[in-house]
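Here are my notes on the two ligand sites. Please read them beside the coordinates.

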Amino acid sequence: MILAATSSPQGTQALAAALSAEMRVGDLIVLAGDLGAGKTCFTQGMGAGLGITERMTSPTFTLINRYDQGRIELNHLDVYRLDDIAETLDLDLPELLEVGLTVIEWGEEITEVLPVDHLTIRLRYPESVEGADDDRIIQIEAGGPTWDVRLPDLAAAIEGWVA
Ligand code: ADP
Ligand code: MG
């Protein structure tokens, strides 16, 4: 596991942009964390890092936004509003997972339909109440052996933020 810290939305976006350099077609990121923790903010940074210049908004109501102008295709999902896991069938995840990088906000809710081989990125507020409101802890957890092997490279890419 990698533990990193940011103290502003811009910081989280810069961290995500740095991490994007390590991302490859077929990668899956599950974003965890409470409402307002910064999952969408993080994904915007990742998109910027990939070279996406289009405005990226939360796919809370559309479920999915696809961006194909970057170095690799980015599929941004938010499954918060999914009522039934069966609705994920409409998303055609197997196809999505093949064509680009997939980032799923609230993805932990649907892990039963996701490959074990994914990276979980958890955004949380620091425990101390004295911290500024803009402080976040970003926890990166490898799911499966292929991500385990890649963790050192990810840590190196975001070295400046690693706690
Ligand atoms: P989520 O998608 O997890 O619900 P959003 O990314 O939509 O969260 O919102 C995060 C909010 O928190 C934004 O208003 C953002 O400006 C603010 N924020 C403050 N500090 C940070 C930080 N360090 N990282 C990310 N977002 C932050
Ligand atoms: Mg969001």
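How do the residues of the shell around ligand 1 divide into nonpolar, polar and charged?

1. The shell holds four nonpolar, six polar and five charged residues. Ala, Val, Leu, Ile, Met, Phe, Trp, Tyr, Cys and Pro count as nonpolar, Asp, Glu, Lys and Arg as charged, and the others, Gly among them, as polar.

2. This is a predicted model: local features need pLDDT of at least 70, side-chain atom pairs pLDDT 80 or more, while totals for chains, interfaces and linings use all residues. Residues are numbered from 1 along each chain as written, chains are lettered from A and ligands numbered from 1 in written order, and side-chain values use heavy atoms, without hydrogens or water.

3. Ligand 1 is surrounded by 15 residues, each with a heavy atom within 4 Å. Thr12, Gly36, Lys39, Thr40 and Asp134 are the closest. Helix α2 gives the largest share, three residues.

4. Thr12 places a polar side-chain atom 2.6 Å from a nitrogen atom of ligand 1. A backbone N or O atom of Asp134 sits 2.7 Å from a nitrogen atom of the ligand. For Thr40, a polar backbone atom is 2.8 Å from a ligand oxygen atom.

5. The magnesium ion (ligand 2) has Thr40 (OG1) and Glu105 (OE) as protein donors, 2.2 Å away. Donors are N, O and S atoms within 2.8 Å of the metal (3.2 Å for Na, K and Ca); water is not among the atoms, so sites may look incomplete. Thr40 lies in helix α2 (residues 39–50) and Glu105 in strand β5 (residues 101–105), 65 residues apart.

Technical notes
Helices (H or I, at least four residues) and strands (E, at least two) are DSSP runs, numbered from the N terminus. A polar contact is a pair of N or O atoms within 3.5 Å; within protein, one must be able to donate a hydrogen and the other to accept it, and residues adjacent in sequence count only if both atoms are side-chain atoms.
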